[in-house]
Amino acid sequence: MNFLDALYLEKTMSGTSTGTVWLDNKGNKKIVVTSPVDGEKFAAIGRASASDFDHVVREAQQAFSVWRAMPAPKRGEIVRQIGLRLRDFKLPLGTLIAYETGKPLQEGLGEVQEVIDICDYCVGQSRMLYGMTTVSERPEHRLFEQYHPLGIVAIITAFNFPVAVWGWNAMIAAICGDVSIWKPSSKAPASAIAMQKIVARVLEHNNLPEGIFSLIVGDRNNVGEKILDDRRIPLVSFTGSVASGRVAAARVAGRLGRTILELGGNNGIIITEHADLKLAVPAVVFGAVGTAGQRCTTTRRLIIHESRYDEVKEHLLRAYGSLKIGNPLLEANHMGPLIDRNAVKAYLKAVKAIIRQGGTIIFGGNSLKGEEYASGCYVEPTLAEVENQFPVVKEETFAPILYLIKYSGGVENGIALHNDVEQGLSSAIFSTNHNQVEGFLSAAGSDCGIANVNIGTSGAEIGGAFGGEKNTGGGRESGSDAWKFYMRRQTVTVNYGQGLPLAQGIRFEIEPPTRGDKYLHEILLKKQEKNF
Ligand code: UN1
(Lines give C-alpha, C1' and ligand atoms only; values in the text may rest on other atoms or scores of the structure.)
Protein backbone atom coordinates (compact mmCIF):
# COMPACT_ATOMS: atom_id res chain seq x y z
CA MET A 1 0.00 0.00 0.00
CA ASN A 2 1.41 3.35 -1.10
CA PHE A 3 0.70 5.26 2.06
CA LEU A 4 2.70 2.75 4.14
CA ASP A 5 5.71 3.20 1.86
CA ALA A 6 5.32 6.97 1.89
CA LEU A 7 5.56 6.84 5.67
CA TYR A 8 8.59 4.50 5.59
CA LEU A 9 6.72 1.76 7.44
CA GLU A 10 7.85 -1.83 7.16
CA LYS A 11 5.98 -5.06 7.63
CA THR A 12 7.89 -5.89 10.84
CA MET A 13 9.03 -3.02 12.98
CA SER A 14 10.45 -2.12 16.33
CA GLY A 15 7.96 -0.27 18.50
CA THR A 16 10.46 1.54 20.69
CA SER A 17 12.39 4.65 19.82
CA THR A 18 14.25 7.28 21.79
CA GLY A 19 14.01 9.77 18.96
CA THR A 20 15.96 8.78 15.88
CA VAL A 21 17.26 5.49 17.30
CA TRP A 22 14.99 2.44 17.25
CA LEU A 23 15.61 -0.28 19.79
CA ASP A 24 16.16 -3.66 18.27
CA ASN A 25 13.07 -5.36 19.68
CA LYS A 26 11.70 -6.88 16.48
CA GLY A 27 12.51 -10.28 17.93
CA ASN A 28 10.25 -9.70 20.95
CA LYS A 29 6.65 -10.86 21.14
CA LYS A 30 4.74 -8.89 18.54
CA ILE A 31 1.55 -6.93 18.25
CA VAL A 32 -0.05 -7.85 14.95
CA VAL A 33 -1.86 -4.81 13.61
CA THR A 34 -5.09 -5.68 11.83
CA SER A 35 -7.05 -3.10 9.88
CA PRO A 36 -10.75 -3.13 10.78
CA VAL A 37 -11.40 -1.82 7.25
CA ASP A 38 -10.56 -5.07 5.42
CA GLY A 39 -9.17 -7.39 8.10
CA GLU A 40 -5.67 -7.23 6.61
CA LYS A 41 -2.81 -7.89 9.03
CA PHE A 42 -0.59 -5.12 7.74
CA ALA A 43 2.13 -4.78 10.36
CA ALA A 44 3.83 -6.62 13.21
CA ILE A 45 5.39 -4.53 15.93
CA GLY A 46 7.87 -5.67 18.58
CA ARG A 47 6.66 -5.09 22.12
CA ALA A 48 9.04 -3.36 24.50
CA SER A 49 10.60 -5.39 27.29
CA ALA A 50 11.05 -4.13 30.84
CA SER A 51 14.70 -3.31 30.09
CA ASP A 52 13.68 -1.39 26.94
CA PHE A 53 11.44 0.67 29.18
CA ASP A 54 14.26 1.39 31.58
CA HIS A 55 16.55 2.38 28.72
CA VAL A 56 13.97 4.81 27.35
CA VAL A 57 13.48 6.46 30.74
CA ARG A 58 17.23 6.83 31.28
CA GLU A 59 17.71 8.45 27.87
CA ALA A 60 14.80 10.76 28.59
CA GLN A 61 16.30 11.80 31.90
CA GLN A 62 19.57 12.73 30.23
CA ALA A 63 17.83 14.60 27.43
CA PHE A 64 15.84 16.62 29.93
CA SER A 65 18.93 18.40 31.23
CA VAL A 66 19.74 19.55 27.68
CA TRP A 67 16.21 20.34 26.53
CA ARG A 68 15.20 22.35 29.59
CA ALA A 69 18.25 24.58 29.14
CA MET A 70 17.27 25.53 25.60
CA PRO A 71 15.31 28.81 25.47
CA ALA A 72 11.59 28.09 25.10
CA PRO A 73 11.23 29.93 21.74
CA LYS A 74 14.03 27.72 20.39
CA ARG A 75 12.05 24.69 21.50
CA GLY A 76 9.10 26.31 19.74
CA GLU A 77 11.19 26.39 16.58
CA ILE A 78 11.58 22.60 16.73
CA VAL A 79 7.83 22.26 17.16
CA ARG A 80 7.34 24.59 14.19
CA GLN A 81 9.47 22.29 12.05
CA ILE A 82 7.44 19.28 13.20
CA GLY A 83 4.30 21.09 12.05
CA LEU A 84 5.87 21.83 8.67
CA ARG A 85 6.95 18.20 8.20
CA LEU A 86 3.49 17.03 9.09
CA ARG A 87 2.00 19.16 6.34
CA ASP A 88 4.12 17.18 3.86
CA PHE A 89 2.86 13.88 5.27
CA LYS A 90 -0.76 14.84 5.88
CA LEU A 91 -2.26 12.67 3.16
CA PRO A 92 -0.41 9.40 3.82
CA LEU A 93 -0.64 9.80 7.60
CA GLY A 94 -4.34 10.68 7.46
CA THR A 95 -4.87 7.63 5.24
CA LEU A 96 -2.98 5.36 7.63
CA ILE A 97 -5.03 6.65 10.58
CA ALA A 98 -8.22 5.89 8.65
CA TYR A 99 -6.97 2.45 7.66
CA GLU A 100 -5.72 1.53 11.12
CA THR A 101 -8.69 2.84 13.14
CA GLY A 102 -11.52 2.68 10.60
CA LYS A 103 -12.41 6.36 10.80
CA PRO A 104 -13.34 8.11 7.54
CA LEU A 105 -10.46 9.56 5.53
CA GLN A 106 -11.82 13.07 6.09
CA GLU A 107 -11.56 12.52 9.82
CA GLY A 108 -8.09 10.98 9.51
CA LEU A 109 -6.94 14.08 7.65
CA GLY A 110 -8.70 16.23 10.23
CA GLU A 111 -6.77 14.49 12.95
CA VAL A 112 -3.43 15.28 11.32
CA GLN A 113 -4.64 18.86 10.89
CA GLU A 114 -5.37 18.92 14.61
CA VAL A 115 -1.69 18.14 15.31
CA ILE A 116 -0.55 20.76 12.77
CA ASP A 117 -2.80 23.29 14.50
CA ILE A 118 -1.40 22.48 17.92
CA CYS A 119 2.13 22.84 16.55
CA ASP A 120 1.30 26.33 15.26
CA TYR A 121 -0.35 27.16 18.54
CA CYS A 122 2.68 25.97 20.50
CA VAL A 123 5.09 28.07 18.45
CA GLY A 124 3.30 31.16 19.75
CA GLN A 125 2.83 29.75 23.23
CA SER A 126 6.56 29.07 23.48
CA ARG A 127 7.02 32.83 23.80
CA MET A 128 4.30 33.15 26.41
CA LEU A 129 5.20 30.89 29.32
CA TYR A 130 4.60 33.78 31.62
CA GLY A 131 4.08 34.00 35.34
CA MET A 132 2.25 36.75 37.17
CA THR A 133 3.89 39.48 39.21
CA THR A 134 2.17 40.89 42.25
CA VAL A 135 2.97 43.29 45.08
CA SER A 136 4.73 42.31 48.26
CA GLU A 137 3.43 43.35 51.66
CA ARG A 138 7.03 44.01 52.68
CA PRO A 139 9.04 47.08 51.69
CA GLU A 140 11.75 46.59 49.08
CA HIS A 141 10.56 43.11 48.16
CA ARG A 142 9.40 41.70 44.86
CA LEU A 143 6.91 38.85 44.57
CA PHE A 144 6.31 36.90 41.38
CA GLU A 145 5.72 33.45 39.91
CA GLN A 146 7.75 31.57 37.36
CA TYR A 147 7.26 28.29 35.58
CA HIS A 148 10.01 25.73 35.08
CA PRO A 149 10.09 22.49 33.10
CA LEU A 150 8.79 19.53 35.07
CA GLY A 151 10.69 16.54 33.68
CA ILE A 152 9.49 13.43 31.90
CA VAL A 153 5.85 13.40 30.82
CA ALA A 154 4.37 10.01 29.98
CA ILE A 155 1.56 10.21 27.44
CA ILE A 156 -0.75 7.21 27.32
CA THR A 157 -3.15 7.48 24.41
CA ALA A 158 -6.23 5.64 23.16
CA PHE A 159 -6.85 4.13 19.73
CA ASN A 160 -9.55 6.58 18.64
CA PHE A 161 -7.23 9.58 18.19
CA PRO A 162 -3.96 7.78 17.61
CA VAL A 163 -1.89 10.90 16.93
CA ALA A 164 -3.90 14.01 17.92
CA VAL A 165 -4.00 13.30 21.64
CA TRP A 166 -0.25 12.72 21.62
CA GLY A 167 0.13 15.97 19.67
CA TRP A 168 -1.67 18.20 22.12
CA ASN A 169 0.23 16.68 25.03
CA ALA A 170 3.69 16.25 23.52
CA MET A 171 3.88 19.61 21.75
CA ILE A 172 2.77 21.49 24.85
CA ALA A 173 5.18 19.44 26.98
CA ALA A 174 7.98 20.15 24.51
CA ILE A 175 7.68 23.93 24.56
CA CYS A 176 7.45 23.73 28.35
CA GLY A 177 10.89 22.09 28.35
CA ASP A 178 9.66 18.61 29.22
CA VAL A 179 10.66 15.43 27.46
CA SER A 180 7.95 12.90 26.67
CA ILE A 181 7.51 9.16 26.50
CA TRP A 182 4.53 8.08 24.45
CA LYS A 183 2.75 4.80 25.02
CA PRO A 184 0.20 4.50 22.23
CA SER A 185 -2.74 2.11 22.27
CA SER A 186 -1.83 -1.42 21.20
CA LYS A 187 -4.83 -1.13 18.87
CA ALA A 188 -3.25 1.67 16.83
CA PRO A 189 0.55 1.55 17.13
CA ALA A 190 1.35 1.93 13.41
CA SER A 191 0.10 5.53 13.26
CA ALA A 192 2.27 6.28 16.29
CA ILE A 193 5.33 4.76 14.63
CA ALA A 194 4.69 6.81 11.49
CA MET A 195 4.40 9.95 13.60
CA GLN A 196 7.61 9.15 15.46
CA LYS A 197 9.44 8.75 12.14
CA ILE A 198 8.24 12.18 11.03
CA VAL A 199 9.45 13.73 14.30
CA ALA A 200 12.75 11.86 14.02
CA ARG A 201 13.63 13.69 10.79
CA VAL A 202 13.28 17.01 12.57
CA LEU A 203 15.39 15.80 15.50
CA GLU A 204 18.05 14.56 13.13
CA HIS A 205 18.05 17.76 11.09
CA ASN A 206 18.64 19.79 14.26
CA ASN A 207 21.21 17.44 15.79
CA LEU A 208 19.19 17.02 18.92
CA PRO A 209 20.02 14.32 21.47
CA GLU A 210 18.04 11.12 21.93
CA GLY A 211 15.32 11.09 24.58
CA ILE A 212 13.34 14.26 23.85
CA PHE A 213 10.44 12.50 22.13
CA SER A 214 10.33 8.77 22.84
CA LEU A 215 7.86 6.12 21.77
CA ILE A 216 7.28 2.82 23.48
CA VAL A 217 4.81 0.26 22.21
CA GLY A 218 4.21 -2.38 24.82
CA ASP A 219 1.84 -4.14 27.12
CA ARG A 220 0.51 -3.36 30.52
CA ASN A 221 3.16 -5.23 32.53
CA ASN A 222 6.31 -4.06 30.82
CA VAL A 223 5.26 -0.53 30.06
CA GLY A 224 1.86 0.64 31.32
CA GLU A 225 2.24 -0.30 34.97
CA LYS A 226 5.88 0.70 35.04
CA ILE A 227 4.97 4.20 33.91
CA LEU A 228 2.44 4.48 36.72
CA ASP A 229 4.92 3.44 39.39
CA ASP A 230 8.08 5.15 38.15
CA ARG A 231 9.09 8.12 40.30
CA ARG A 232 11.30 9.42 37.48
CA ILE A 233 8.09 10.35 35.65
CA PRO A 234 6.46 13.29 37.46
CA LEU A 235 3.46 13.60 35.15
CA VAL A 236 1.29 10.96 33.49
CA SER A 237 -1.26 12.17 30.95
CA PHE A 238 -3.77 9.38 30.51
CA THR A 239 -6.55 9.09 27.94
CA GLY A 240 -8.80 6.04 28.16
CA SER A 241 -11.69 4.44 29.98
CA VAL A 242 -12.98 5.51 33.38
CA ALA A 243 -12.07 2.10 34.83
CA SER A 244 -8.43 2.24 33.68
CA GLY A 245 -8.18 5.92 34.57
CA ARG A 246 -9.27 5.18 38.12
CA VAL A 247 -6.46 2.63 38.46
CA ALA A 248 -3.90 4.96 36.86
CA ALA A 249 -4.91 7.89 39.07
CA ALA A 250 -4.63 5.87 42.27
CA ARG A 251 -1.26 4.36 41.33
CA VAL A 252 0.32 7.66 40.35
CA ALA A 253 -1.20 9.40 43.39
CA GLY A 254 0.35 6.67 45.55
CA ARG A 255 3.77 8.10 44.68
CA LEU A 256 2.38 11.66 44.74
CA GLY A 257 2.90 12.08 41.01
CA ARG A 258 0.61 14.19 38.85
CA THR A 259 -1.98 12.92 36.41
CA ILE A 260 -3.96 14.57 33.67
CA LEU A 261 -6.98 12.37 33.07
CA GLU A 262 -9.17 12.47 29.98
CA LEU A 263 -11.61 9.63 30.52
CA GLY A 264 -15.03 8.69 29.26
CA GLY A 265 -17.88 10.95 28.29
CA ASN A 266 -21.63 10.48 28.06
CA ASN A 267 -22.28 13.57 26.07
CA GLY A 268 -25.76 14.95 25.66
CA ILE A 269 -27.42 17.51 23.45
CA ILE A 270 -30.53 19.29 24.67
CA ILE A 271 -32.97 20.21 21.92
CA THR A 272 -35.43 22.72 23.28
CA GLU A 273 -38.74 23.87 21.84
CA HIS A 274 -36.78 26.83 20.37
CA ALA A 275 -34.17 24.76 18.51
CA ASP A 276 -33.29 25.44 14.89
CA LEU A 277 -33.37 21.92 13.48
CA LYS A 278 -31.50 22.94 10.33
CA LEU A 279 -28.48 23.27 12.61
CA ALA A 280 -29.34 20.62 15.14
CA VAL A 281 -29.96 17.59 12.92
CA PRO A 282 -26.64 17.56 11.01
CA ALA A 283 -24.76 18.34 14.25
CA VAL A 284 -26.43 15.44 16.01
CA VAL A 285 -25.78 13.00 13.18
CA PHE A 286 -22.10 13.96 12.88
CA GLY A 287 -21.73 13.87 16.66
CA ALA A 288 -23.27 10.41 16.91
CA VAL A 289 -21.80 8.60 13.91
CA GLY A 290 -18.50 10.47 13.40
CA THR A 291 -15.55 8.12 14.17
CA ALA A 292 -18.32 5.45 14.35
CA GLY A 293 -19.33 6.73 17.78
CA GLN A 294 -15.83 6.18 19.16
CA ARG A 295 -14.88 9.71 20.17
CA CYS A 296 -14.77 10.69 23.81
CA THR A 297 -16.92 13.61 22.67
CA THR A 298 -19.42 11.50 20.68
CA THR A 299 -23.04 12.52 21.11
CA ARG A 300 -24.69 9.67 23.00
CA ARG A 301 -27.83 11.22 24.47
CA LEU A 302 -30.35 13.46 22.79
CA ILE A 303 -32.62 15.16 25.29
CA ILE A 304 -35.54 16.50 23.31
CA HIS A 305 -38.41 18.72 24.40
CA GLU A 306 -41.67 16.82 23.99
CA SER A 307 -43.06 19.48 21.64
CA ARG A 308 -40.30 18.71 19.09
CA TYR A 309 -39.78 15.03 19.79
CA ASP A 310 -41.68 13.51 16.86
CA GLU A 311 -40.26 16.02 14.42
CA VAL A 312 -36.67 15.36 15.54
CA LYS A 313 -37.21 11.61 15.44
CA GLU A 314 -38.55 11.81 11.90
CA HIS A 315 -35.61 13.93 10.71
CA LEU A 316 -33.14 11.54 12.31
CA LEU A 317 -34.77 8.46 10.83
CA ARG A 318 -34.57 10.06 7.41
CA ALA A 319 -30.93 11.13 7.90
CA TYR A 320 -29.89 7.72 9.26
CA GLY A 321 -31.60 6.04 6.33
CA SER A 322 -29.34 7.94 3.95
CA LEU A 323 -26.05 7.12 5.71
CA LYS A 324 -23.60 4.96 3.80
CA ILE A 325 -21.57 2.49 5.80
CA GLY A 326 -18.47 0.93 4.29
CA ASN A 327 -14.80 1.34 3.50
CA PRO A 328 -13.92 4.63 5.21
CA LEU A 329 -11.21 5.38 2.66
CA LEU A 330 -13.93 5.93 0.07
CA GLU A 331 -15.27 9.46 0.17
CA ALA A 332 -18.88 8.34 -0.43
CA ASN A 333 -19.10 6.49 2.89
CA HIS A 334 -20.10 8.32 6.05
CA MET A 335 -19.13 5.68 8.56
CA GLY A 336 -16.52 2.94 8.65
CA PRO A 337 -16.04 0.00 10.99
CA LEU A 338 -15.52 -0.16 14.74
CA ILE A 339 -11.96 -0.70 15.90
CA ASP A 340 -12.21 -4.50 16.28
CA ARG A 341 -14.54 -7.44 16.76
CA ASN A 342 -14.58 -6.97 20.53
CA ALA A 343 -16.05 -3.53 19.97
CA VAL A 344 -18.78 -5.14 17.85
CA LYS A 345 -19.53 -7.52 20.73
CA ALA A 346 -19.81 -4.60 23.15
CA TYR A 347 -22.18 -2.85 20.70
CA LEU A 348 -24.40 -5.94 20.38
CA LYS A 349 -24.40 -6.38 24.15
CA ALA A 350 -25.56 -2.78 24.59
CA VAL A 351 -28.33 -3.28 22.01
CA LYS A 352 -29.57 -6.32 23.97
CA ALA A 353 -29.40 -4.37 27.22
CA ILE A 354 -31.43 -1.51 25.71
CA ILE A 355 -34.23 -3.91 24.78
CA ARG A 356 -34.04 -5.80 28.10
CA GLN A 357 -34.22 -2.57 30.08
CA GLY A 358 -37.35 -1.44 28.22
CA GLY A 359 -35.99 0.66 25.36
CA THR A 360 -36.92 0.47 21.68
CA ILE A 361 -34.48 0.27 18.80
CA ILE A 362 -35.97 2.46 16.07
CA PHE A 363 -33.04 2.24 13.67
CA GLY A 364 -30.15 -0.20 13.24
CA GLY A 365 -29.10 -2.48 16.06
CA ASN A 366 -27.25 -5.08 13.96
CA SER A 367 -23.76 -5.95 12.90
CA LEU A 368 -23.25 -5.94 9.13
CA LYS A 369 -22.47 -8.99 7.05
CA GLY A 370 -21.39 -9.44 3.43
CA GLU A 371 -18.26 -9.13 1.36
CA GLU A 372 -17.75 -5.41 2.00
CA TYR A 373 -17.97 -6.05 5.71
CA ALA A 374 -15.81 -9.18 5.83
CA SER A 375 -13.51 -7.82 8.57
CA GLY A 376 -16.43 -8.39 10.95
CA CYS A 377 -16.10 -4.88 12.44
CA TYR A 378 -19.01 -3.04 10.82
CA VAL A 379 -22.27 -2.20 12.58
CA GLU A 380 -25.36 -0.19 11.79
CA PRO A 381 -25.62 3.29 13.28
CA THR A 382 -28.37 2.97 15.84
CA LEU A 383 -31.18 5.04 17.29
CA ALA A 384 -32.89 3.93 20.49
CA GLU A 385 -35.77 5.41 22.46
CA VAL A 386 -34.93 5.09 26.13
CA GLU A 387 -35.27 6.60 29.59
CA ASN A 388 -32.25 8.43 30.95
CA GLN A 389 -32.18 6.27 34.08
CA PHE A 390 -31.63 2.96 32.22
CA PRO A 391 -28.29 1.52 33.40
CA VAL A 392 -27.16 1.07 29.78
CA VAL A 393 -27.70 4.78 29.12
CA LYS A 394 -25.49 5.69 32.07
CA GLU A 395 -22.56 3.78 30.56
CA GLU A 396 -20.31 4.89 27.76
CA THR A 397 -20.61 2.27 25.01
CA PHE A 398 -17.95 3.17 22.46
CA ALA A 399 -20.23 2.65 19.44
CA PRO A 400 -22.66 4.64 17.26
CA ILE A 401 -25.71 4.29 19.47
CA LEU A 402 -27.75 7.45 19.98
CA TYR A 403 -30.31 7.54 22.79
CA LEU A 404 -33.47 9.59 22.31
CA ILE A 405 -34.84 10.88 25.61
CA LYS A 406 -37.95 13.03 26.02
CA TYR A 407 -38.37 15.86 28.52
CA SER A 408 -41.27 18.13 29.31
CA GLY A 409 -41.60 21.51 31.02
CA GLY A 410 -38.81 24.07 31.23
CA VAL A 411 -35.23 23.77 30.07
CA GLU A 412 -34.17 23.15 33.69
CA ASN A 413 -35.79 19.73 33.39
CA GLY A 414 -33.72 18.97 30.31
CA ILE A 415 -30.60 20.16 32.10
CA ALA A 416 -31.39 17.98 35.13
CA LEU A 417 -31.64 14.90 32.88
CA HIS A 418 -28.53 15.96 31.04
CA ASN A 419 -26.46 16.22 34.23
CA ASP A 420 -27.79 12.99 35.68
CA VAL A 421 -24.89 10.80 34.53
CA GLU A 422 -21.50 10.18 36.09
CA GLN A 423 -19.42 11.51 33.21
CA GLY A 424 -18.90 15.20 32.42
CA LEU A 425 -16.95 15.80 29.23
CA SER A 426 -18.95 17.57 26.52
CA SER A 427 -22.46 18.98 26.25
CA ALA A 428 -24.56 21.11 23.94
CA ILE A 429 -27.85 22.94 23.68
CA PHE A 430 -29.75 23.84 20.55
CA SER A 431 -31.95 26.82 21.22
CA THR A 432 -32.49 30.30 19.83
CA ASN A 433 -33.90 31.46 23.15
CA HIS A 434 -31.45 33.62 25.07
CA ASN A 435 -32.75 32.69 28.53
CA GLN A 436 -32.49 28.97 27.81
CA VAL A 437 -28.97 29.33 26.44
CA GLU A 438 -27.73 31.37 29.39
CA GLY A 439 -29.44 29.00 31.81
CA PHE A 440 -27.52 26.13 30.23
CA LEU A 441 -24.26 28.08 30.57
CA SER A 442 -24.97 29.26 34.14
CA ALA A 443 -23.66 27.71 37.36
CA ALA A 444 -26.91 25.73 37.49
CA GLY A 445 -26.50 24.62 33.87
CA SER A 446 -24.33 22.01 32.18
CA ASP A 447 -21.83 20.38 34.56
CA CYS A 448 -19.40 19.42 31.77
CA GLY A 449 -15.91 20.63 30.87
CA ILE A 450 -17.21 21.63 27.44
CA ALA A 451 -20.56 23.40 26.90
CA ASN A 452 -21.58 24.28 23.35
CA VAL A 453 -24.40 26.36 21.98
CA ASN A 454 -25.91 25.55 18.60
CA ILE A 455 -23.02 23.27 17.67
CA GLY A 456 -22.57 19.59 18.53
CA THR A 457 -20.57 17.93 21.30
CA SER A 458 -17.60 16.74 19.24
CA GLY A 459 -14.98 18.51 17.19
CA ALA A 460 -13.45 20.79 19.82
CA GLU A 461 -10.82 23.27 18.63
CA ILE A 462 -7.30 23.05 20.03
CA GLY A 463 -7.28 26.63 21.32
CA GLY A 464 -9.59 25.81 24.24
CA ALA A 465 -8.75 23.70 27.26
CA PHE A 466 -9.97 20.15 26.55
CA GLY A 467 -11.26 17.84 29.28
CA GLY A 468 -14.14 17.23 31.62
CA GLU A 469 -15.50 16.91 35.12
CA LYS A 470 -16.81 14.10 37.34
CA ASN A 471 -15.78 10.66 36.08
CA THR A 472 -14.14 12.24 33.04
CA GLY A 473 -11.29 12.90 35.44
CA GLY A 474 -10.91 16.68 35.69
CA GLY A 475 -7.81 17.01 33.48
CA ARG A 476 -7.31 19.75 30.91
CA GLU A 477 -5.14 19.42 27.82
CA SER A 478 -4.40 21.36 24.65
CA GLY A 479 -5.02 25.12 24.62
CA SER A 480 -5.80 27.98 27.02
CA ASP A 481 -3.58 27.76 30.11
CA ALA A 482 -3.41 23.94 30.09
CA TRP A 483 0.38 24.32 29.61
CA LYS A 484 0.74 25.31 33.26
CA PHE A 485 0.12 21.77 34.41
CA TYR A 486 3.12 20.57 32.42
CA MET A 487 5.43 22.85 34.38
CA ARG A 488 6.44 23.32 37.97
CA ARG A 489 5.29 26.53 39.46
CA GLN A 490 7.55 28.57 41.66
CA THR A 491 6.62 31.53 43.83
CA VAL A 492 9.60 33.82 44.24
CA THR A 493 10.15 36.58 46.79
CA VAL A 494 13.22 38.76 46.36
CA ASN A 495 14.39 41.09 49.10
CA TYR A 496 16.39 43.95 47.69
CA GLY A 497 16.52 45.98 50.92
CA GLN A 498 18.85 46.05 53.86
CA GLY A 499 16.44 44.65 56.46
CA LEU A 500 14.68 41.38 56.99
CA PRO A 501 11.04 42.16 57.72
CA LEU A 502 8.90 39.07 58.18
CA ALA A 503 5.50 38.60 56.62
CA GLN A 504 2.40 38.95 58.78
CA GLY A 505 4.30 41.47 60.92
CA ILE A 506 5.98 38.76 63.00
CA ARG A 507 8.86 40.02 65.12
CA PHE A 508 11.91 37.82 65.46
CA GLU A 509 15.18 39.43 66.43
CA ILE A 510 18.37 37.63 67.21
CA GLU A 511 20.86 40.50 67.00
CA PRO A 512 20.84 44.21 67.83
CA PRO A 513 19.08 45.80 64.85
CA THR A 514 21.12 47.53 62.19
CA ARG A 515 20.15 51.01 61.05
CA GLY A 516 17.83 49.79 58.26
CA ASP A 517 16.16 47.22 60.43
CA LYS A 518 15.55 49.77 63.11
CA TYR A 519 13.70 51.95 60.65
CA LEU A 520 11.56 49.03 59.43
CA HIS A 521 11.11 47.88 62.95
CA GLU A 522 9.59 51.23 63.84
CA ILE A 523 7.19 51.01 60.92
CA LEU A 524 6.13 47.54 62.00
CA LEU A 525 5.56 48.67 65.57
CA LYS A 526 3.43 51.56 64.36
CA LYS A 527 1.41 49.18 62.19
CA GLN A 528 0.87 46.84 65.11
CA GLU A 529 -0.24 49.73 67.30
CA LYS A 530 -2.86 50.61 64.74
CA ASN A 531 -3.93 46.99 64.78
CA PHE A 532 -3.14 46.85 61.10
C1 UN1 B 1 -11.17 12.11 22.02
O2 UN1 B 1 -12.14 11.54 21.56
O3 UN1 B 1 -10.44 11.59 22.88
O4 UN1 B 1 -13.39 17.24 20.19
C5 UN1 B 1 -10.70 13.43 21.57
C6 UN1 B 1 -13.14 16.29 19.46
C7 UN1 B 1 -11.72 16.06 19.03
C8 UN1 B 1 -10.96 15.32 20.05
C9 UN1 B 1 -11.61 14.13 20.62
N10 UN1 B 1 -11.11 17.35 18.80
O11 UN1 B 1 -13.99 15.52 19.07
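Thr457 touches Asn267, Gly268, Ile269, Thr297, Thr298, Thr299, Ser426, Ser427, Ala428 and Asn452, leaving aside residues up to four places away in sequence, where contact means heavy atoms within 4.5 Å. This is a predicted model, in which local features need pLDDT of at least 70 and side-chain atom pairs count only at pLDDT 80 or more, while totals for chains, interfaces and linings use all residues. Residues are numbered from 1 along each chain as its sequence is written, and side-chain values use heavy atoms, with hydrogens and water left out.

Is Thr457 buried or exposed? Thr457 is buried, with a relative accessible area of 1%; buried means under 20%, exposed over 50%, and partly exposed in between, with a 1.4 Å probe and protein chains only. Its side chain is joined to that of Thr299 by a polar contact of 2.8 Å, that is, a pair of N or O atoms within 3.5 Å, of which, within protein, one must be able to donate a hydrogen and the other to accept it, and residues adjacent in sequence count only if both atoms are side-chain atoms. Thr457 lies in the loop between strand E19 (450-453) and strand E20 (465-466); helices (H or I, at least four residues) and strands (E, at least two) are DSSP runs, numbered from the N terminus.

Let me turn to a helix. The buried residues of H9 are Val242, Gly245, Ala248 and Val252. They sit on the same side of H9, because the arc they cover around the axis is only 120 degrees, taken from the directions from the helix axis to the C-beta atoms. These buried residues pack against helix H8 (220-229), strand E10 (235-239) and strand E11 (258-262), whereas the face turned away from them carries the exposed residues Ala243, Arg246, Ala250 and Gly254. After H9 comes Leu256, whose phi is positive, near 55 degrees.

Now the sheets. Six strands form an open sheet with mixed pairing, in the order E2-E9-E8-E7-E10-E11, and two strands pair if DSSP finds at least two bridges between them. Strand E2 (16-17) and E11 are the edge strands, each pairing on one side only. E2 runs antiparallel to strand E9 (residues 213-216), joined by two bridges, and Thr16 stands opposite Ile216 in E9.

A second open sheet has three strands, in the order E5-E6-E23, with antiparallel pairing. Nine bridges join strand E6 (residues 141-149) to E23, where Gln490 is the bridge partner of Gln146.
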